[in-house]
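Biologist: Hi! Could you walk me through this fold, starting with a sheet?
Modeller: Happy to, let's bring it up.

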Amino acid sequence: MKGHESKMARMEDILSLPVQDPPYTEFSAAHINWVKVEGGRQGGDDIALIPFSRVEDFVKGESGNADCPANFRVESRRKRPEGSLNKPRVDGYLEYTLYWCSYGPEDYRDIEPQIGENTSTKPSSGKGSRPGRRHMMRGCICHFTVKRLYTRPQLALIIYNQRSHVDKSGAPCHGILDQESVGTRAMYAPRISEELRQKVMSLLHVGISLDAIVQHHMEEVQRHGGPHSRDDFLTRNDVRNMERLIRNSPHELHLDDRCSVKMWVQRHHKHVFYFQESCGCEGFVLGVQTDWQLQQMLRYGHGGFIASHLVSGSKKFKHTLCSLLAFDSSQNAIPVAWIISSSSIGQNIHKWIPSLVERIRGKDTRWRPNAVLVDDPSFEASILREAFQCRVLLCLWHVRRGWLKGLLKYCNNFDVQREMFKQLGRILYCTRNGLSVADAVEEFVQIFVDQYAFIEYFRSKWLSRIELWVNCVRTLPVAPQETIASIESYHLRLKSKVLSQDSDQRVDFLIHALTSQFHSFYWFEQYTVETGYFENLRDRFSLTNPWNQATHIPDIDVLLDEENLQLAKVVSQADNNVAYTIWNPGSEFALCDCSWSMVGNMCKHVIKVAIFCRSRQIARPLLSAQVYRQTLVNLLQNLPEDPLVLEHAISHVTRLEQDIKSLEDLSNSGLLQPLSSIDQQNYRILK
C-alpha cells in the first residue's frame, strides 16, 4: 500500500492542505497524496483531508487491498455536540473513529488451547469482547483514525497511524505476503463482504431456500475458476446464521414506537440521511436510503427522471410516506429513497432535500437528473429546482387514478364515464380558455347534474384541492404518460406488499417492511435481469409495467382512422378476434375499455396508441403542452419596455422554449395536432 507522500507539515497547518476526492466509487490510501505530521501526538503519522461523505468509500477501498485483504472494524468511537467547545483545536473533532484491521491487534497464532484450558478467556488487550474470533487474531497493527473536524464538519481528517499490515516485529502477518497464510483463509478478508451479505439476505427475504443459495454460490465459484476471495468460502453456516438473524429480528425493538424507531436509527445510521424526532412544534421526519438504493439513484437518476410517490392518510399508517423513484431502461420505477413524516412532506422538504443531495453529490459531483417529477402540488418547485439543478414536472397520476376510480365506482354508464373523464381533464386546464376554477367546476356540474353520486364524491374529496392542482398545472409542465404507468405499477406493489399488512399504525413496522422484504424484491428483480440466474422465478417478481408491455405490441395491431381521432382500437395480443377501444387517444385522460383500465389503471393499449400517434404525428398535442405554449405566447405578446425587465423576460422565454422542446422529446404521448392559426403566428416569434 504505497501512497504519495509530501514533506513534513505541522498539525496547525492541516486546514491549508488540499481536500482530496478521488474520482472512484471506492478508493484507498494508494489514491491519496499523504503528508507526514511534524511533532505533536501524531508526529510521524500520515495525514490527508477528504470529504466526510466519502469516509465509507475509503474504508471499503482499504479493505479491498490486493496484497492484504482485510475488514476494518470500528475499535472506538466518540462524538461531541456542536457548540460544546469554546476554543476548539485545529484538529478538534465532532466525531472521532478509530478503525483497526480485524486481524489484530491481539495475536493468537502460537497459542494452542490445552485440554481443560478455558478457551473463552478474554484477550489481555483491546476490547476484550472478541473471544469467538481468536482464530482470526494475527497481531496486525494496521490502523487509522478519522476525525470529522469541529470547525469544518464537511471535512474528515484521516490520520494513518500504521499503514502496513504487519505485526509488532514488522513482518507481514496475513495476506499473500505472509508465507504462513498461503493456502489458508488468512490469505483473504476475515469476513464476507457487505455486498455478499446483502445478496444472501435479499435471496432469503424473497423466499429462496438455504440449499438453493449454497448451490447457486458454489456454481458461481466454479464458474470463475475456484476461490479467489473470502466471499468464495461462503458456507451453509454463514447462510444459516443470516437466516436465523432474519427470523429473530422483530420490527418492535421497544414497546414504545418512538423509542423503537430511535433504536433502529442508531443501529442503521449508515442508511439514514435525515432524522428529526417529534418535539414540540417540530414533526417527525426520517429519510432512509440503503447503499443499494444510493447506487441505483446514481446509476439511473443521472440524466434521467427522479419522481416522488406520496401516500398519506392510509387506513393502515397514520404517517405520510414519500418514495423517491428512479426509472430503469424499461421505465420500471425503482425506489431509491424513502421519507416518512408525521406532517405534510411538502412542508418539510427544505429540511431533508439538502441532506439527500449532499449524500448523492458526495459520491459524484457531476450527478444531475434531467427532471424531477412531483405528484403533490404542495411541493415547493423552487426548492427542488435549486437542489437538483434541473426542471420540475408535475405528475398527474394521483388525479387521473382518483378520478377514474371514482367514476367507475359512482357511475355505471361507460359512455358517460368516458365523457366525464374527458371533461374533468378540461377543468385542470381551464385557465387556457380564460375560465376560473369555480366557473369550470360549475360548468362540469351543470353538464352532469344527473350524476349526483359522483358530484358529491368530487365535492367532498377534490373541491378543496382542485384550485391548488390547477395553479400547479398552470406553472409546471406535466410529465409524460409512461411515467404515470410506471408509478402506478410501483403503487400497486407497495400497496400489496406493505400498506395492506396489519401494522397497528406503527412506524417501526413500516420501516422494517420497506427495508427488508420490499427492498429485496427490487434487488432480486435487477439481479435476475443482469445475471440471468433464477429465471424460473422471475414471473413472481416481474416489474413489467404497461409502458414496457406496450413496446411489444406491433404497429399493425393499432387501428386508427386519421379522419376521426376521437377513438382508436388495439388488437388483443392474446386473442386476435378481440380489439380494445381507446377514446380521446393521445390525451392524459385517454380511456380504454380493457379489464385493466376498467379497474382504474393506465393500460398498455393507451400507451401504445400514444406512442403510435407520436410516431405518425397524427394525434393532437397534450393539454399540458398547449397550456405551456399559451403561457409562452402570452409572454411574447406583452413584452415589457424596461430594458432590464425585458432581458429578464427574454431569459424566461429561452427557458420556456427549452422546456417545451424537452417536454415533447420526453413525452411518448400523442403529438401533434396543428395549433390554431393565431397560436402558430405567435409561436413563430421564437424562431
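**A sheet and its neighbours**

Modeller: Four strands form an open sheet in the order S15-S16-S17-S18, with antiparallel pairing. Strands are DSSP runs of E with at least two residues, helices are runs of H or I with at least four, and both are numbered from the N terminus. Two strands pair if DSSP finds at least two bridges between them.

Biologist: Is this an experimental or a predicted model, and how are residues numbered?
Modeller: The model is predicted: local features need pLDDT of at least 70, side-chain atom pairs count only at pLDDT 80 or more, and totals for chains, interfaces and linings use all residues. Residues are numbered from 1 along each chain as its sequence is written, and side-chain values use heavy atoms, leaving out hydrogens and water.

Biologist: Which strands stand at the edges?
Modeller: S15 (558-560) and S18 (591-592) do; each has a single partner strand, so one side of each lacks a neighbour in the sheet.

Biologist: How many bridges join S15 to S16?
Modeller: There are 3, and the two strands run antiparallel. Leu560 has Ala568 in S16 as its bridge partner.

Biologist: New topic: how many residues of S12 are buried?
Modeller: In S12 (residues 333-341), 9 of 9 residues are buried, meaning under 20% relative accessible area with a 1.4 Å probe, counting protein chains only.

Biologist: And which strands pair with S12?
Modeller: S9 (residues 285-288) joins S12 through 4 antiparallel bridges, with Leu286 opposite Ile340. S11 (residues 320-327) also pairs with S12 in the antiparallel sense, over 8 bridges, and there Leu325 stands opposite Pro335.

Notes: Buried means under 20% relative accessible area, exposed over 50%, partly exposed in between (1.4 Å probe, protein chains only).
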